[in-house]
Amino acid sequence: MLNGIPVGIVGLGSYVPDKILTNADLEKIVDTTDEWIKTRTGISERHIVEEGMSSSDLAIGASKRALEDAGITADKIDLIICSTATPDMMFPATSCIVQDAIGAHNAGAFDMEVGCSGFIYALTVGTQFIKSGMYRTVLVVGAECLTRVTDWADRSTCVLFGDGAGAAILQPLKKGRGFMGFELGSRGSGANLLTLPAGGSKKPASHETVNNREHYIRMDGNEVYKFAVVIMGEASLKALEKAGVNPEDVSYFIPHQANIRIINAAARRLKLDMDRVIVNVDRFGNTSCASVPLALDEAYRAGRIKEGDILVFVAFGAGLSWGAAVLEWGGEPLEEGESICQ
Ligand SMILES: CC(C)(COP(=O)(O)OP(=O)(O)OC[C@H]1O[C@@H](n2cnc3c(N)ncnc32)[C@H](O)[C@@H]1OP(=O)(O)O)[C@@H](O)C(=O)NCCC(=O)NCCS
């Protein structure tokens, strides 16, 4: 169990662009079939941004909905953490663009880049800021426009990704246990398995990098798959152990939505029936940092998640990296003016 004041999610929101790209649409772009994509990944369609839209637009949409859900105004936010692998620009941080757009005049803001595991890392970091007593209200947002860096000539990757954002408002609780355990991990020896090779300080943009299509995602899908089917289950079990919760007491498992076969394997490892697993990869594809909050928000708004439910979030991604978190849903936030000290 974690020390310090309990910290929970008091507001949730998500946002996806309107435009939908179906498997039938992809059949016209690359040599693929609806049948292949569905059986190998579970994906039927995904939302993609229009020209001119970027990750901050999606993050702003999700953040506004989370604020509305929490019933608080943006000036109450002390800190914004935006997890994204597709920031608007190399700098400034996308979180600063969000801060200005939502009117969070009193907030610090920074980005975190941990591949698709970013949202779990950001939840972990945001929780610590509240537990330490430094801040009271933290906005954590995962936002991604992977279709902006997708190679539409590479059929092994372009069928997988979608765009979206999800946001959570964290606050201290006076009743309820909130976040009970976290597990974070990395294995940099696998860094080469999932990369966007150029445009950073190692390989700045040049005519050559553009000609070599090095500004797009490159992935060894088979190796990432082998890693993912093991790590999703293992990370979840470790987070549950740290939280002191038995896997059979999990109400809902909310995994990174990369591939239905990876999700099924993780559920088997935890011995969970699929009715306790939240799945929306069929309609959104892999939205990287947005995928866990997008699935959580959908289930929450559909009324599936109830007070006191035990939720497990887990994600893996570039790095290689992974993260898992155990949360008791609900609780009662501290009133404004009530002391944060225990
Ligand atoms: C990418 C992935 C779906 C590929 O599925 P797979 O079952 O491993 O398929 P393979 O890569 O072994 O390819 C099998 C065949 O399908 C072909 N193929 C690949 N993409 C295809 C597509 N979109 N349509 C049709 N055929 C395709 C391959 O060329 C290969 O053909 P071959 O046997 O003639 O060589 C799977 O490996 C995966 O999900 N990996 C994890 C990726 C991931 O989650 N990344 C995000 C991390 S956050």
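The largest nonpolar core in this predicted model has 46 residues, of which Leu-240, Val-245, Phe-253, Phe-316 and Val-326 touch the most other members. A nonpolar core is here a set of buried Ala, Val, Leu, Ile, Met, Phe, Trp, Tyr and Cys residues joined through side-chain atoms within 4.5 Å, where buried means under 20% relative accessible area with a 1.4 Å probe, counting protein chains only. At least two residues of this core come from each of helix H8 (221-243), helix H9 (260-269), strand S12 (310-317) and strand S13 (321-328), and H8 gives the most, with nine residues; helices (H or I, at least four residues) and strands (E, at least two) are DSSP runs numbered from the N terminus. Leaving aside residues up to four places away in sequence, Leu-240 touches Val-245, Pro-247, Val-250, Leu-270, Val-312 and Val-326, a contact being heavy atoms within 4.5 Å. Another core, of 33 residues, lies apart from it and includes Val-7, Ile-9, Leu-79 and Met-112.

The ligand is surrounded by 23 residues (a heavy atom within 4 Å), and the closest are Thr-32, Arg-40, Arg-155, Asn-222 and Asn-259. The table gives polar contacts, pairs of N or O atoms within 3.5 Å.

| Side chain (N or O atom) | Ligand atom | Distance |
|---|---|---|
| Thr-32 | nitrogen | 2.7 Å |
| Asn-259 | oxygen | 2.8 Å |
| Arg-261 | oxygen | 3.1 Å |

Of the 970 Å² of accessible area that the ligand has on its own, the protein covers 73%, by the Shrake-Rupley method with a 1.4 Å probe.

Residues are numbered from 1 along each chain as its sequence is written, and side-chain values use heavy atoms, without hydrogens and water. Local features need pLDDT of at least 70 and side-chain atom pairs count only at pLDDT 80 or more, whereas totals for chains, interfaces and linings use all residues.

How values were computed
Buried means under 20% relative accessible area, exposed over 50%, partly exposed in between (1.4 Å probe, protein chains only). A polar contact is a pair of N or O atoms within 3.5 Å; within protein, one must be able to donate a hydrogen and the other to accept it, and residues adjacent in sequence count only if both atoms are side-chain atoms.
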